[in-house]
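Dear colleague,

I am handing over the structure we spoke about, and you will find it just below. My notes on its charged side chains follow, and I would be glad if you could read them with the coordinates open.

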Amino acid sequence: MQGVNNFRDIGHHRGIVYRSATLDYATTTDIEHVLVDLSVKTIIDLRGRGESRNGLQTKLSSYYKKCQDPLDEAEKKVYPIDLAKPLKPAIIKSLPFWVTIVYFCASLVGFKSWGQRFALSRSFLGQEGLLGLNKGIIQYCGKDVRLIMDILAEKAAYPVIIHCSAGKDRTGFVIAILLLLCGIPRDEIITDYAKSAQLLQSVMGRLMIEVGKQGLSPEFGESPPRVMASTIQYIEEQFGNVENYLVSIGVNLQQQEAIRSHLLGKSQ
């Protein structure tokens, strides 16, 4: 891909699920590759409102119907799922009272951006970094993770691209869940997660600037192996295994087996 960073097949070239950073900068050649060579039927966009979308993304999206229903019968579908949206109220609720007061006072006197950076730095995202993000998704974003799994349980959805802005944090979490479900060894999952830092080298400077603007630690511009190792450990400590985690958010065992079969190429 010429204009898309961090793009790769998660299944050792099975051509079933791809992960990537934003598709905003896809070239005409990239778009043709997605539509013709890869025959992608579904795009799952994990970004929220305000994250960059330019004309080329609109051009690619014009081939896909915007959907929310996993059973929609359109041949090509794009699902906008703001995976981080439920974290926003959770972050506010997690803040110490005095931090909340500082944030609101700063907003009242015209320093809202500073107040937001200050509050975020004192939240579980600021204190625990990327591990805090993954824990937050596990604790607060079950409805959206379930929707993603509902989509992926349908054979007609494949091939699929799953992406966010950098394709490493939100996308990295979802991909890790899928790989765990397929029984991929822990070391391989951690290696795949860490690979994003290497594939994002060309845009790392821009990523670090954005991270700094939001008041987050430099870790948010990276993909450290220890973060995914600790995330997997957290899932095992809280739920025993990924299957139990998925059941807890409403993804039943039949759906899990369907996803596993699709990803491993066993479905008929």
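Arg8, Arg19 and Asp192 are joined in a network of salt bridges, in what is, please bear in mind, a predicted model.

Aspartate 24 and arginine 47 form a salt bridge at 3.1 Å, N to O; aspartate 24 sits in the loop between strand 2 (17-20) and helix 1 (28-37), whereas arginine 47 sits in the loop between strand 3 and helix 2, 23 residues apart. Aspartate 24 counts as buried because its relative accessible area is 0%, and arginine 47 is likewise buried because its relative accessibility is 2%. Lysine 168 and aspartate 169 form a salt bridge with an N to O distance of 2.7 Å, and both of these residues are buried.

On the surface, Arg49, Lys66, Lys85 and Lys88 gather in a patch of positive charge. Arginine 49 lies in the loop between strand 3 (42-45) and helix 2 (55-61), and this residue counts as exposed because its relative accessibility is 85%.

Methods
Residues numbered from 1 in each chain as written. Predicted model: local features only at pLDDT ≥ 70, side-chain atom pairs only at ≥ 80, totals over all residues. Heavy atoms only, no water. Patch = residues over 30% accessible without salt bridge, like charges linked within 9 Å, V, L, I, M, F, W, Y side chains within 5 Å. Areas by Shrake-Rupley, 256 points an atom, 1.4 Å probe, with all protein chains shown as cover. Salt bridge = Lys/Arg side-chain N within 4 Å of Asp/Glu carboxyl O. Lys, Arg positive; Asp, Glu negative; His and termini not counted. Charge placed at Lys NZ, Arg CZ, Asp CG, Glu CD. Helix = DSSP H or I, 4+ residues; strand = E, 2+ residues; numbered from the N terminus. Buried < 20%, exposed > 50% of the residue type's maximum accessible area, 1.4 Å probe, protein only.
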